[in-house]
Structure formats: structure tokens, C-alpha cells
Amino acid sequence: MSIKRAIITLACVLAAIYLVMGSGLFRRARWSNNYSPCKIELRQLDSAKTQWATEGGKTTNDVPTWNELQPYWRRTPACPQGGNYTLGRVGEPPTCSVHGRDQQPTSTTAK
Ligand SMILES: [Zn+2]
């Protein structure tokens, strides 16, 4: 008897989870899931730039090339939504053409 009740309760919980996943809550979660990987990639780019600058004795006005940063990551950073990354100078954070800088999603790309 109690086992049967437990099974019914479990079924209700699963149904509730299924409903939540189909609702707007899940869609909002998906947006942030799409953004966070990009943020991680941008951080990877930024730390590679910092390492490159430190080891090469660069100034904040130096601009690294993708080839020069290659040794500092295992896999080339890429935006999960197909955005293009701009490395920029050492003194400024890299930007994504879709997500902007490592802060919040922006519709317009900073120059
Ligand atoms: Zn991006």
C-alpha cells in the first residue's frame, strides 16, 4: 500500500518537473545557459591575453594575434551561438559580437 503511494507521488513529481521544463522558467534558464559558456570562453581569452602579455613583457597597448595566444589554451575559444570574438588590446577585455563583453548580453557591439 505505501509502496503504491510512493510510486504515485513520484509520478506526480515527475509530471511537475516536466511541466516546469516546458514553461517560461525553462526558456529563461536556457538563455542564461547559452550565455554562460560564452562568458567562460571570454574569460579564457582574457587570461590567455594576460599570460601572453606577462610572459612577453607586453604593454597594455599591444594587440595579440590568435596564433600568438594558441599556446595558452587547449581548445580555441568559440562562442556557442556563433559570435565572433575580438581580442582587442591587452588593457581591454575581449568582446563577442553576439554577447558583448563579459558582463551582460548586449544587442549592440561596442567598437
Ligand atoms: Zn558569444
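Is Val90 buried, exposed or partly exposed, and how many C-beta neighbours does Val90 have inside 10 Å? Val90 counts as partly exposed, because 19 C-beta neighbours lie inside 10 Å, and the rule behind that word is that a residue is buried if 20 or more other C-beta atoms lie within 10 Å of its own, exposed if 12 or fewer, and partly exposed in between, with the C-beta atoms placed from the backbone.

Before I go on, please keep in mind that this is a predicted model, in which local features need pLDDT of at least 70 and side-chain atom pairs count only at pLDDT 80 or more, while totals for chains, interfaces and linings use all residues. Residues are numbered from 1 along each chain as its sequence is written.

Let me now turn to the overall picture. The protein has three helices and two strands, and, starting at the N terminus, these elements follow the order α-α-α-β-β; helices (H or I, at least four residues) and strands (E, at least two) are DSSP runs, numbered from the N terminus. Of the 111 residues, 14% count as buried. When we take the contacts with a separation of 6 or more, 52% of them belong to residues 24 or more positions apart, where a contact means that two C-beta atoms, placed from the backbone, lie within 7 Å.

Next comes the core. The largest nonpolar core has eight residues, namely Cys38, Leu42, Leu45, Ala48, Trp52, Tyr85, Leu87 and Cys96, and its largest share, five residues, comes from α2. By a nonpolar core I mean a set of buried Ala, Val, Leu, Ile, Met, Phe, Trp, Tyr and Cys residues joined through C-beta atoms within 7 Å.

Tyr85 counts as buried because it has 20 C-beta neighbours inside 10 Å, and, leaving aside residues up to four places away in sequence, Tyr85 touches Leu45, Pro77, Cys79, Pro94 and Cys96.

Helix α2 covers residues 24–56 and also holds Glu41. Why is Glu41 buried? Glu41 is buried because 23 other C-beta atoms lie within 10 Å. Beyond its neighbours within four places in sequence, Glu41 is in contact with Pro77, Ala78 and Cys79, and the C-alpha atoms of Glu41 and Cys79 are 7.0 Å apart in space although the two residues are 38 apart in sequence.

Finally, back to Val90, which lies in the loop between β1 and β2, the latter being residues 95–96. Not counting residues up to four places away in sequence, Val90 touches Lys49, Ala53, Lys58, Thr59, Thr60 and Asp62, and from Val90 to Gln51, 39 residues apart in sequence, the C-alpha to C-alpha separation is 10.0 Å.
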